[in-house]
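Me: Hi! I have a structure open and would like to go through some of its details with you. Can you help me out?

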Amino acid sequence: MDIEKIEKAFGLVLENIMGIQAELMTDFYDAFVEQNAAYLGALEFAGITKVNNDKVRSMHLTKSEWQKLFQFVLLQGSRVAPMQANHSLTPDSIGFIFNFIIEELHKDRKVRVLEFGSGTGNLAETLLVYLQKELDYVGFEADDLLLDLAASMSEVMGTDASFMQVDAVKPQPLEPVDVVISDLPVGYYPDDKTASHFQVHDKSEHTYVHHLMMEQSFKYLKETGFALFLAPDNLLTSAQSELLKGWIKENAHVAAVITLPSSLFKGAGKSIYLLSKNQRNTPTFVYPLTDLADPSVLQEFMSEFVKNVKI
């Protein structure tokens, strides 16, 4: 990966986004989508935009270089036009842990993955670029802007991803998948009628959307499948947790809980939860991952995971 080339391309792409934003009088993210369309030849902008895109094309960026460039763009966007917390970028370091777990636990060459709340697509692209498997990926996302961002970046990068604009809580016709992943949105789900069909439904107030998504995800999993969730540290102790634990007891096994450094997140800490559909009578692997940048810490974690986690 050529960082200098990525930084140069980033400067050109960012200049285009800012120019398009001024020309169309739109926001940063809409201009980003328009820039991707212009790069692909679906739109035409005169002057510097075309010149810059020609320069970027001549650099022949790899998929991993495009992914890093787009991360820089999204980080710049977060500075000038912050998104709500549930729409924030899922860090690459967490995506690489998801990659490792999928590689370790799913031994087949082909893997079918469904993501709930695909957002800007960064977690999806981490898998699509780095997972050493033939990946069939589908992402559910309700927000049309996030969907456009993810789909346009995927098209520029040349990754094979399918994004669908749907409410992940509501059932969709879809073939069973091997793995469900999600950086779970946290909050209340407003549709009590829909929530009432779920075991985790809270009759006294709106039900937590992250609880509903966890239960719904298992309806798409093959019997041998598993789910990876990024969720709050207090997932199993917070309000409504008794309802969630009741559902887990009947339908799933918490195979692992990996706590993450609080410095990664603004506000409450988060952990990775591995749930398998196969209800093995084995202890939950609990591991405090203290540093995602230290190779020795990561290697120790991976060694312990391989020794202790079976699904």
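This is a predicted model: local features need pLDDT of at least 70, side-chain atom pairs count only at pLDDT 80 or more; totals for chains, interfaces and linings use all residues.

Me: What is phi of histidine 60 near?

Reply: Phi of histidine 60 is near 50°, which is a positive value in a residue other than glycine. Methionine 25 also has a positive phi, near 55°.

Me: Where is methionine 25 found?

Reply: Methionine 25 lies in the loop between α1 (3–24) and α2 (28–39). With 75% relative accessibility, methionine 25 counts as exposed.

Me: Switching to aromatics. How many aromatic pairs does the structure hold?

Reply: There are 18 aromatic pairs in the structure. One of them is phenylalanine 28 with tyrosine 29, whose ring centres are 5.5 Å apart.

Me: Why is that pair of phenylalanine 28 and tyrosine 29 called edge-to-face?

Reply: The planes of the two rings are at 80°, and planes over 60 degrees apart count as edge-to-face, so phenylalanine 28 and tyrosine 29 make an edge-to-face pair.

Me: What about phenylalanine 285 and phenylalanine 305, how are their planes set?

Reply: Their planes are at 85° and the ring centres are 5.9 Å apart, so phenylalanine 285 and phenylalanine 305 are an edge-to-face pair. This pair links distant parts of the chain, 20 residues apart: phenylalanine 285 is in strand β10 (residues 285–288) and phenylalanine 305 is in helix α11 (residues 295–308). Both residues are buried.

Me: Which residues form one aromatic cluster with them?

Reply: The cluster is made up of Phe100, Phe285, Tyr287, Phe301 and Phe305.

Me: Last topic, charges over rings. Where does the charged end of arginine 57 sit?

Reply: The charged end of arginine 57 sits over the ring of tyrosine 39, at 4.9 Å from the ring centre.

Me: And which ring does the charged end of lysine 219 sit over?

Reply: That would be the ring of phenylalanine 198, with the charged end of lysine 219 placed 4.4 Å from its centre.

Note on methods: Residues are numbered from 1 along each chain as its sequence is written. Side-chain values use heavy atoms; hydrogens and water are left out. Rings of Phe, Tyr and Trp (its six-membered ring) pair if their centres lie within 6.5 Å; planes under 30 degrees apart count as stacked, over 60 as edge-to-face and the rest as tilted. Helices (H or I, at least four residues) and strands (E, at least two) are DSSP runs, numbered from the N terminus. Buried means under 20% relative accessible area, exposed over 50%, partly exposed in between (1.4 Å probe, protein chains only). A charge sits over a ring if NZ of Lys or CZ of Arg is within 6 Å of the ring centre and within 35 degrees of the ring normal.
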